[in-house]
Amino acid sequence: MSEILIKNGHVFDVVTGIKGDKADIAIKDGKIVDKVSSKAKTIDASGKTVMAGALDIHAHVAGPKVNLGRWFRPEDKMIRGEMRGGIVKETTRMEQGFSIPSVFRTGYSYARMGYGFAMEAAMPPLYARHVHEEIKDTPIVDEAALPVFGNNWFVFEYLKEHNIEKTAAYISWLLKVTKGYGIKVVNPGGTEAWGWGLNCLGINDEVPFFDITPGEITKGLIEANEYLGLPHSVHIHPNMLGDPGNAPTTIDTMKLAEGYKAKNKFGREQLLHMTHLQFHSYGGTGWGDFCSNAKEIMDYVNKHPEITFDTGNVTLDETTTMTADGPFEHHLSALNHLKWCNVDVELETGSGVVPFIYSPNVFPCAVQWAVGLELALLAKDPMRTMITTDHPNAGPFTRYPRVFKWLMCKKTRDEQMAAFKHSGKVADATILNEIDRELTLYEISQMTRAGPAKALGLANMMGGLAPGMNADVAIYNLNPAKMPTDPEEIEKAFSLSAYFLKNGEIVCQDGQIVHSGTKKTFWVDAKAPESKQVNRDVREKFLRYYTVTQANYEVPDSYAPNPFVIEANANV
Amino acid sequence: MKTATITLKTTPTLYLEADVITPDAFAGKSKDEILALPVYEGRECYKLGDYFEIAGEIGDTPENTKIVVNGDCSKVKYIGAKMSAGEVIVNSSADMYTGAWMRGGKLTIKGNVDSFSGLGMEGGEFTVEGNGENYIGASYRGDWRGMQGGVLRVKGNVGSDIGTFMNGGTLIVEGDADVHIGTHQEGGTIIIKGDVNRRVGGQMVKGTIYIFGNMNYMMPGFKYTQDVELEVDGYKGTFAEYIGDLGERHSKSKGQVVYGKLYRKK
């Protein structure tokens with residue numbers, strides 16, 4: 001591979017501690033190095049911002065529910081997408097869709113924005129093959145997927161007896177056969193309860209027929225996660241997503257992590273990653289007195305280093321919601337009466353898909369928009385704060401640059417606030433107007449690079465520009481010494497990077513994809529003592545309940561032809 | 001208003017997708033710039049000038065721009081799609097998606113149009129002097145927003161599935177229509193002056209349908225309420241009023257349940 005020298009850019013990087021000073025970045029054989037020979041190709045980055053490739057810690061970008069969205073929303077391609085993405089360009093494949101982009105558009109859009117890694121946030125283990133088929137077909141970005149465990153019968157049965165060893169042995173087996181990355185929990189107990197027409201609306205609400213509570217499930221999974229020493233922590237979508245007055249449940253959920261210690265060799269410090277926290281920071285008793293509780297939530301988060309979170313910013317677009325939180329989607333379809341689909345995934349989880357319009361004319365949507373921004377702006381530790389849109393639930397990931405603009409510029413927030421139909425009522429229900437903070441480029445780099453890399457246990461290879469790390473480098477047309485007076489320029493610069501290098505190769509130049517990269521599938525091989533009992537239980541469940549045989553369940557190696565396997569060892 | 005005339009000189013082998021034939025795309029451009037606008041045939045991109053010649057003058061704004069299209073355009077799709085103002089006259093037949101998502105202005109087709117014309121139309125005046133095919137004034141596949149505003153008049157006959165998911169505007173067919181009229185209708189008005197086949201107003205929750213001619217079968221979800229005197233598109237007379245579709249969820253307005261209304265000329 002060739003050598004590249006990126007000269008004179010304004011570098012923002014936590015790992016090397018450079019905060020906007022001019023520095024050169026040298027690249028050789030796909031890694032950042034100290035220096036390169038005089039034969040290196042040079043890229044002039046003077047007057048531009050240079051950051052490591054960004055990481056998306058939570059997005060629904062591959063798998064059955066994403067594809068279900070594509071099936072039942074042809075209009076997302078026709079009206080919201082480019083009408084003629086189908087015209088083939090020389091180096092790239094056709095791109096389609098807006099809120100549920102095709103795999104090619106997904107990969108290209110991330111690369112255009114300077115993102116080098118995306119975490120598929122909810123993989124139903126039974127459909128892991130489908131998830132990996134899509135990951136394999138998504139160009140450029142490295143990806144991994146989190147299997148869902150929060151409504152899994154095995155987990156319920158082992159944790160009912162508080163048997164962490166068996167739970168861990170099962171998790172270790174499942175991560176291996178599904179090529180998964182870590183432990184995702186979605187509405188613990190609630191999705192299973194919904195199979196009986198019920199839900200779990202608090203951490204002490206019992207799951208019908210299983211005699212276990214969301215609190216016990218979550219605590220047990222945290223213990224199993226630290227027993228296994230996984231690179232990522234438990235990644236939780238708590239109970240009561242989207243309900244007015246859900247903030248106390250969210251705080252109860254965060255308290256479950258108190259008293260534990262992170263045990264891993266990957267530099268991860270948190271015990272619980274609270275995902276799309278925006279959807280879980282509401283006050284009020286109904287949609288009439290719906291309001292922000294971002295301050296209460298952030299008061300807790302700021303004091304507790306064992307918690308990391310991502311925002312889940314509402315971007316005020318027409319989008320497609322999709323989650324393993326079955327009861328939530330059913331509830332949402334009863335609110336907006338649009339198309340609706342719910343699926344039960346035998347023994348493991350469920351999911352639903354409903355289109356949704358976050359309209360600036362609708363009071364709760366405007367409050368949700370404000371809550372997402374408040375969370376990021378009230379955060380004291382940018383390394384524990386990550387920016388997402390819970391793609392595509394609160395908006396498509398292609399709107400990240402717009403979220404950056406809002407976070408970096410109070411004026412644009414004020415303008416949006418004033419433009420809402422119920423602006424007065426929204427201002428009363430939120431505290432966004434009182435927050436003057438404007439995030440700096442360095443803070444943005446913490447929230448999108450070093451922060452997520454550390455939380456995912458990838459800090460030794462991603463999210464920074466120190467020698468030895470992967471040469472994922474984004475160069476933006478933003479001059480920190482002369483920031484544009486028009487905030488729209490910020491959004492534009494982050495939308496179409498001047499250059500994006502993935503593993504030392506230029507994949508995007510002037511916002512155009514020039515190379516399809518060599519993407520990798522990351523997964524975690526969690527080594528734990530084998531349990532004969534668990535092996536027997538698995539075999540029995542396949543014989544008695546599953547509609548597939550155990551032999552057809554495992555994801556074959558051919559589904560991840562370019563794997564990057566991280567080994568974790570149990571703390572026995 | 002200034003008038004530009006474009007004439008089809010090369011008939012496409014496949015079908016030509018020309019959503020640039022709108023006052024919005026033409027306004028303020030030179031003739032060379034207009035002839036360089038992109039059109040698509042199959043998977044390849046071409047220039048408008050590869051197929052059309054241009055004469056006349058071009059207005060500075062869409063409002064001041066009138067486009068007359070000559071030559072046989074029966075293989076040209078998307079004429080007038082998304083247009084917001086001005087005028088387009090096609091002196092022949094046009095293919096699918098003519099006037100789709102049109103927002104304003106005036107669009108006249110002297111011949112026939114194919115399916116999906118006036119799809120999701122939001123405003124303006126769209127007149128077809130010949131016949132239409134299926135899905136006229138309907139929603140795009142999968143979408144829940146059909147025709148939303150404006151007036152779409154077909155002087156001849158139409159095919160099936162017209163006005164699906166319609167929620168505004170007026171769709172007038174002076175001839176006959178086939179099955180599935182106003183399916184899922186949530187507003188707006190459909191007037192059929194000729195005969196219809198069956199399945200009229202299935203799953204409709206709001207809006208109005210007038211049928212002047214015969215109907216082969218009535219949907220079982222409709223209930224007769226009364227006879228009323230009405231004036232509909234220039235005709236005065238007695239109509240039988242039905243409400244429906246009673247199998248659907250209906251909203252309430254001021255304490256009253258809102259139903260879709262179906263009127264049949266007596």
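With 11 C-beta neighbours inside 10 Å, D211(A) counts as exposed, a residue being termed exposed if 12 or fewer other C-beta atoms lie within 10 Å of its own, buried if 20 or more do, and partly exposed in between, with C-beta atoms placed from the backbone. The structure is a predicted model, in which local features need pLDDT of at least 70 and side-chain atom pairs count only at pLDDT 80 or more, whereas totals for chains, interfaces and linings use all residues. Residues are numbered from 1 along each chain as its sequence is written, and chains are lettered from A and ligands numbered from 1 in the order in which they are written.

D211(A) is found in the loop between helix 7 (190–194) and helix 8 (214–228) of chain A, where helices (H or I, at least four residues) and strands (E, at least two) are DSSP runs numbered from the N terminus. Its C-alpha atom is separated by 9.1 Å from that of E157(A), a residue 54 residues apart from D211(A) along the chain.

Helix 16 of chain A (residues 441–455) comprises 15 residues and should span 21 Å at 1.5 Å a residue, in agreement with the 20 Å between its end C-alpha atoms; the expected span is 1.5 Å times one less than the number of residues. The helix bends by about 40 degrees at M447(A), the bend being the angle between axes fitted to the seven residues ending at a residue and the seven starting there. Because 14 of its 15 residues are buried, helix 16 of chain A is largely enclosed by the rest of the structure. Just after this helix, G457(A) adopts a positive phi of about 75 degrees.

Helix 6 (residues 164–178) and helix 18 (residues 532–544) of chain A pack at an angle of about 60 degrees with their axes 9 Å apart. This angle makes helix 6 of chain A oblique to helix 18 of chain A, given that angles under 35 degrees count as roughly parallel, over 145 as roughly antiparallel, 65 to 115 as roughly perpendicular and the rest as oblique. Axes are lines fitted to C-alpha atoms, for helices over the stretch in contact, and angles run from 0 to 180 degrees between N-to-C directions.

Strand 5 of chain A (residues 49–52) directs T49(A) and M51(A) one way and V50(A) and A52(A) the other, and all are buried. Strand 5 runs parallel to strand 1 (residues 3–13) of chain A, to which three bridges join it, and H10(A) stands opposite T49(A); two strands pair if DSSP finds at least two bridges between them. With strand 19 (residues 473–476) of chain A, strand 5 pairs in the antiparallel sense over four bridges, M51(A) having A474(A) as its bridge partner.

In chain B, four strands form an open sheet of mixed pairing in the order 4-3-2-7, with strand 4 (44–47) and strand 7 (76–77) at the edges, each pairing on one side only.

Most residues other than glycine have a negative phi, and most peptide bonds are trans. A cis peptide bond joins H391(A) and P392(A), with omega of about -5 degrees, and P392(A) is placed in the loop between strand 18 and helix 13 (400–408) of chain A. D29(A), although not a glycine, has a positive phi of about 50 degrees and is exposed, with 11 other C-beta atoms within 10 Å. Y97(B), likewise not a glycine, has a positive phi of about 60 degrees, but is buried, with 24 other C-beta atoms within 10 Å.
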